[in-house]
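Welcome, and thanks for taking a look at this model. Please keep the 3D view open while you read, as the report walks through helices, strands, cores and a few backbone details.

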Amino acid sequence: MTSQSDLPAVAEEGFKDAAAYDAHRPSYPPEAVEMFLRSLNVAEQDEVNIVEIASGTGKFTELLAARPERYSVKAVEPHGPMREKLAQKDLRGVEVLNGKADNMPVDDEWGDACIAAQAFHWFATPEALKEIHRVLRPGAVLGMIWNVDDYNKPRGWPATTKWEQKLNDYILGFDDGLPRFRHYKWQDVFEQQAPGNPVRVIRDTFTDHLPRFSLPLGENTIKWTRWLSEEALWARINTLSQIAVLVGEGREAAVKVFKDTLQGDDVERNQKGEIAVHGVTYFAWTDRI
């Protein structure tokens, strides 16, 4: 069952505290942002229109608004409390809109780029690709970017430390069937575009199912380390929807796992007692055909 925003119920519930999400979710490393925007062909470009899908509380929108290029941004967000939090920031050049990836209040071919930050896995569908294709001009670029903490990484990625791997194993145990970045299923929607044989090519030509975005995807990563207090780290983990919805014994168990894990002999702390938290910023891009 989904809410009026069409988000899965667990995501709607997990993200309802927009202020906590905005306070504790990290921003993106400047080096990663610069490389990402260059991959989208919008760095150091004038008069650029950007469509941002699922802008949330504006963690990435803020970075776009602060750029010297002075982008025009249409920030589309379906979740009411998050959209309100973003609108309150009154960011330069940003128009905040109520909409979804498959139904955006944006004119045809308006965008020079489309960005989904920390979100594309929620709406990686043919319907969304069709709508993204509609709002982008020919040759524009769709970019997707995620901050990926080691404790919330895909199963096959190596963790920097044993304690982060232990937390990762625990979080991976919450398999509620919903799509997340770490499952990598979001890539399937691009692979499914490719026609398998000449007969299908002819059929797809008449049914408007030809590929809309180029393959292979461009990909890159930037590693980072952030220092967080134990309280700040727990608050950050609580912004994960599957953790945020825990109550009663489930929440008590999660707190115990967290505290026990931080007793590990490879937990690095600085003079302030802050913990070294590791991860990567991963981004991918594809051209609109």
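## Helix H6 and the cores

In helix H6, the residues Ala-128, Leu-129, Glu-131, Ile-132, His-133 and Val-135 are buried, where buried means under 20% relative accessible area, exposed over 50%, and partly exposed in between (1.4 Å probe, protein chains only). These buried residues of H6 pack against S1, S4, S5 and H8. Helices (H or I, at least four residues) and strands (E, at least two) are DSSP runs, numbered from the N terminus.

A word on the ground rules: this is a predicted model, in which local features need pLDDT of at least 70 and side-chain atom pairs count only at pLDDT 80 or more, while totals for chains, interfaces and linings use all residues. Residues are numbered from 1 along each chain as its sequence is written, and side-chain values use heavy atoms, with hydrogens and water left out.

The largest nonpolar core has 34 residues, and those touching the most other members are Phe-120, Phe-123, Ile-132, Leu-142, Trp-186 and Phe-190. At least two residues of this core come from each of S1, strand S4 (111-117), helix H6 (126-135), strand S5 (136-149), helix H8 (188-191) and strand S7 (275-287). S5 gives the largest share, 6 residues. A second, separate core of 27 residues includes Ala-32, Ile-50, Leu-91 and Ile-145. A nonpolar core here is a set of buried Ala, Val, Leu, Ile, Met, Phe, Trp, Tyr and Cys residues joined through side-chain atoms within 4.5 Å.

What does Trp-186 touch, leaving aside its neighbours within four places in sequence? Its contacts (heavy atoms within 4.5 Å) include Phe-120, His-121, Met-144, Trp-146, Arg-180 and Tyr-282.

## Parallel strands

Strand S2 (residues 72-76) is mostly covered, with 4 of its 5 residues buried.

| Strand pair | Sense | Bridges |
|---|---|---|
| S1 (residues 49-53) and S2 | parallel | 5 bridges |
| S2 and S3 (residues 94-97) | parallel | 4 bridges |

To find the pairings in the viewer, look for Glu-52 with its bridge partner Ala-75 in S2, and for Val-76 with its bridge partner Leu-97 in S3. S2, helix H5 (residues 80-88) and S3 make a right-handed β-α-β unit; right-handed means that, with the strands pointing away from the viewer, the path from the first strand over the helix to the second runs clockwise.

## Backbone details

Most residues other than glycine have a negative phi, and most peptide bonds are trans. Asn-41, which is not a glycine, has a positive phi of about 65 degrees. Asn-41 sits in the loop between helix H3 (30-39) and S1, and is exposed at a relative accessible area of 54%. Asp-90, also not a glycine, has a positive phi of about 50 degrees. Asp-90 lies in the loop between H5 and S3 and is exposed, with a relative accessible area of 67%.

The peptide bond from Leu-215 to Pro-216 is cis, with omega near 0 degrees. Pro-216 is found in the loop between helix H9 (198-207) and strand S6 (218-228).

## The whole chain

The protein chain has 12 helices and 7 strands, and 51% of its 289 residues count as buried. Among contacts with a separation of 6 or more, 75% join residues 24 or more positions apart.

Key
Pairing = 2+ DSSP bridges.
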